[in-house]
Amino acid sequence: MTQRMKIRKGDLVQVLSGKDRGKQGRIIEAEPAQQRVIVENLNLVKKHRKPRPMKDSSRMGQTQIQPGGVIDLAAPLPVSNVMLVCPTCNRPTRVGYEFREDEKGRRIKVRVCRRADCGEVLDR
């Protein structure tokens, strides 16, 4: 059984270990089943690609070709190697959950900064 991830697509995170330690970036893709995230412009790897015809190219005239060569791609990072950056205190923080009431009086579960001096809601 996989554990639920506390960070989501679009969150600003800081890398804790690896070649990009200390750098920050936005999550562009989250893979909860593998417990991995892809961070924008971090953990870049070189990928060699052959030129290939593009699918669903316009039917007018010649076929378009996707260029080949050496391409930089963002590789997945383990979710344990990144930490969410709180938007109010701008520091890496652990994520907690609290139940709060919304404007209609319903109880909703929200993510909260776990720093003692902050405690702000992380959800937009």
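**Note on pockets, sheet and selected residues**

1. The largest pocket has a volume of about 330 Å³. A pocket here is an open set of points on a 1 Å grid over the protein atoms alone, where a 1.4 Å probe fits, with protein on both sides within 12 Å along at least five of seven lines. Grid points are joined across faces, edges and corners, and the volume is the space filled by probe spheres set on the points. This is a predicted model, in which local features need pLDDT of at least 70 and side-chain atom pairs count only at pLDDT 80 or more, while totals for chains, interfaces and linings use all residues. Residues are numbered from 1 along each chain as its sequence is written, and side-chain values use heavy atoms, with hydrogens and water left out.

2. Lining residues have an atom within 4 Å of a point. Strand S9 (residues 82–85) contributes the most to this lining, with three residues; strands are DSSP runs of E, at least two residues, numbered from the N terminus. By class, the lining of the largest pocket holds eight nonpolar, four polar and three charged residues. Ala, Val, Leu, Ile, Met, Phe, Trp, Tyr, Cys and Pro count as nonpolar, Asp, Glu, Lys and Arg as charged, and the others, Gly among them, as polar.

3. The second largest pocket holds about 170 Å³ of space. It is lined by 11 residues, and Asp11, Leu12, Arg26, Val85 and Pro87 are the closest to its centre. Five nonpolar, two polar and four charged residues make up the lining of the second largest pocket.

4. Six strands form an open sheet in the order S8-S3-S2-S1-S9-S10, with antiparallel pairing. Strand S8 (77–78) and S10 are at the edges with a single partner strand each, so one side of each has no neighbour in the sheet. Two strands pair if DSSP finds at least two bridges between them. Strand S1 (residues 12–15) and strand S2 (residues 24–31) run antiparallel and are joined by three bridges. Val13 has Gly25 as its bridge partner in S2.

5. Thr93 belongs to strand S10 and counts as buried, at 3% relative accessibility. Buried means under 20% relative accessible area, exposed over 50%, and partly exposed in between (1.4 Å probe, protein chains only). A polar atom of the Thr93 side chain lies 3.4 Å from the backbone nitrogen of Arg114.

6. Asn43 is not a glycine, yet has a positive phi of about 55°. Asn43 sits in the loop between strand S3 (36–39) and strand S4 (44–49), and is buried at a relative accessible area of 16%. Asn90, also not a glycine, has a positive phi of about 55°. Asn90 lies in the loop between S9 and strand S10 (92–93) and is exposed, with 57% relative accessibility.

7. With a disulfide taken as a pair of cysteine sulfur atoms within 2.5 Å, the count is zero. Cys89 is in no disulfide, and the nearest cysteine sulfur, that of Cys86, is 3.6 Å away. Cys113 is likewise in no disulfide, its nearest cysteine sulfur being that of Cys118 at 3.8 Å. Cys113 is buried, with a relative accessible area of 3%.

Technical notes: Helices (H or I, at least four residues) and strands (E, at least two) are DSSP runs, numbered from the N terminus. A polar contact is a pair of N or O atoms within 3.5 Å; within protein, one must be able to donate a hydrogen and the other to accept it, and residues adjacent in sequence count only if both atoms are side-chain atoms.
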